[in-house]
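Here's a quick walk through one protein model, written for someone who likes to trace strands and helices by eye. Have the viewer open as you read.

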Amino acid sequence: MSYEIRDIRLAASGAHKIDWVKKNCPLLRGLEEDFRRDQPFAGIRIALSVHLEAKTAYLCKVLAAGGAQMYVTGSNPLSTQDDVAAALVSDGLNVYAWYRSTEEEYSRHLHEVLSHHCNIIIDDGGDLVDMLHSSMREELSYVIGGCEETTTGITRLRAMAAAHQLVFPMVMVNDADCKHLFDNRYGTGQSVWDGINRTTNLIVAGKYAVVAGYGWCGKGVAMRAKALGAKVIVTEIDPIKAIEAHMDGFEVMPMEQAASIGDFFITVTGCAHVIVLDHMKKMKNGAILCNAGHFDVEIDMADLRAAALSSIDQRKNIIGYEVTPHRFVYVLGEGRLVNLACGDGHPAEIMDMSFAVQAMSALYLVRHRDHLTEKLISVPREVDLEIARRKLATLNLSIDSLTKEQKNYLHSSAV
Ligand SMILES: NC(=O)c1ccc[n+]([C@@H]2O[C@H](COP(=O)([O-])OP(=O)(O)OC[C@H]3O[C@@H](n4cnc5c(N)ncnc54)[C@H](O)[C@@H]3O)[C@@H](O)[C@H]2O)c1
């Protein structure tokens with residue numbers, strides 16, 4: 001079962017969105033040209049599960065231009081955009097995803113993507129890799145390797161590798177400098193507040209924003225909250241990150257304490273149950289809760305739904321829950337990634353870099369298919385530097401290079 005185009009206008013709207021992305025992604029445009037000429041993916045089947053909006057769609061088209069047969073699904077039921085999916089179908093790609101799929105449909109879509117003897121797996125959060133290893137082992141022999149997009153997916157891969165369960169090599173795309181330094185920090189920072197702002201239409205200036213987790217994403221979310229005029233509180237479990245947040249000028253305290261102060265709460269930890277019912281019962285009437293971590297486990301939605309005295313579908317993507325009599329907390333996007341469930345995800349120029357890392361990592365796997373000995377592969381430094389050089393060129397920025405004398409100085413012990 002593939003995506004059906006029921007409305008030709010849907011596909012046209014998606015195609016325009018993808019075209020806008022293409023216009024703003026010079027790195028991917030360059031790769032598309034190279035791939036079209038060299039056909040490095042001829043005969044290769046690629047399974048892809050990444051938030052299915054326009055930037056991802058353009059990545060799919062770039063890989064398809066290189067000769068790949070694409071089998072595509074989303075990585076979250078709320079982040080798939082139907083018009084974008086329809087546009088890919090009209091371009092002849094195999095797409096299995098729609099907005100608001102049920103959990104059962106979501107799993108079925110992953111299954112359908114994986115049932116085509118795929119050679120390269122492009123995953124975002126680890127669901128494809130997990131399904132291949134748990135219930136589709138007959139497909140494993142076709143796989144050359146894969147690429148993982150996000151922090152949480154890499155956490156899952158490390159656990160599998162440590163238990164000697166990971167059967168094929170995976171490139172840790174998230175850990176490339178050209179990915180997490182920009183995507184997690186500047187991408188999440190901007191797009192989370194874009195999602196919150198367009199969904200709530202409320203003022204941020206002068207209010208308290210509580211950011212749970214001060215990793216790469218949390219730093220971006222806190223930085224942009226400050227720029228919008230919020231008073232920022234950070235909660236952490238890592239003492240070093242907590243000092244960093246303090247020295248960056250933010251208040252640091254446990255969630256227990258922050259709960260009664262915050263107006264906006266954003267979880268971005270990759271951990272579970274960071275905000276639980278006890279916290280919510282302490283919150284101000286009208287507090288806004290959202291999550292930017294990969295899975296919808298950071299806010300304890302199950303307990304909230306079970307305990308709520310009433311609930312109200314307040315606005316698109318905002319549900320209010322009466323946690324104590326006449327006091328409501330409002331959850332955005334059902335506790336799923338707020339920047340994708342309530343927005344369009346990261347800016348195109350950011351995903352240009354992240355997806356250039358993805359595309360070049362997939363190319364690396366195909367080129368080195370007979371010599372891949374490690375199960376967890378870091379993005380080669382040369383790939384990272386090449387993408388950074390290309391990015392600088394697109395920004396019309398140039399930098400210095402070391403003179404021979406400077407190189408000698410750096411490589412000698414003389415002062
Ligand atoms: N929304 C997006 O578009 C997007 C983009 C990239 C990554 N992510 C996801 O966001 C999450 C965070 O990614 P990251 O790259 O910032 O990871 P990271 O490892 O750099 O940072 C996570 C931080 O959360 C802290 N933390 C863990 N448990 C905590 C808890 N219970 N309370 C408070 N702090 C806690 C850790 O100490 C760490 O500093 C992951 O799930 C990742 O997959 C989302």
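What follows covers a sheet, the helices around it and the nonpolar cores.

Keep in mind that this is a predicted model.

As a reminder, strands of a sheet pair through backbone hydrogen bonds, either parallel or antiparallel. Here are some of the pairings in this sheet, each with one bridge pair to look up:

| Strand pair | Direction | Bridges | Example bridge pair |
|---|---|---|---|
| Strand 7 and strand 8 | parallel | five | Tyr208 and Lys231 |
| Strand 8 and strand 9 | parallel | two | Ile233 and Glu251 |
| Strand 13 and strand 14 | antiparallel | six | Glu322 and Phe328 |

Strand 7, helix 9 and strand 8 form a right-handed β-α-β unit. From strand 8 the chain then passes through helix 10 (residues 239-247) to strand 9, and this β-α-β crossover is right-handed.

In soluble globular proteins, nonpolar side chains tend to be buried together. In this model the largest nonpolar core has 57 residues, and those with the most contacts inside it are Phe41, Ile46, Leu63, Met70, Leu88 and Ile120. Which element gives this core its largest share? That's helix 15, with 13 residues. Apart from this core lies another one of 30 residues, including Val192, Ala225, Ala245 and Cys342.

Helix 15 (residues 348-367) has 20 residues and spans 28 Å from its first C-alpha to its last, close to the 28 Å expected at 1.5 Å a residue. Helix 15 is also mostly covered, with 17 of its 20 residues buried.

Setting aside neighbours within four places in sequence, Leu88 is in contact with Ile18, Leu52, Ala57, Cys60, Lys61, Val72, Leu93 and Val95.

Note on methods. Residues numbered from 1 in each chain as written. Predicted model: local features only at pLDDT ≥ 70, side-chain atom pairs only at ≥ 80, totals over all residues. Heavy atoms only, no water. Pairing = 2+ DSSP bridges. Helix = DSSP H or I, 4+ residues; strand = E, 2+ residues; numbered from the N terminus. Expected span 1.5 Å × (residues − 1). Buried < 20%, exposed > 50% of the residue type's maximum accessible area, 1.4 Å probe, protein only. Core = buried A, V, L, I, M, F, W, Y, C linked by side-chain atoms within 4.5 Å. Contact = heavy atoms within 4.5 Å. Right-handed = clockwise from strand over helix to strand, strands pointing away.
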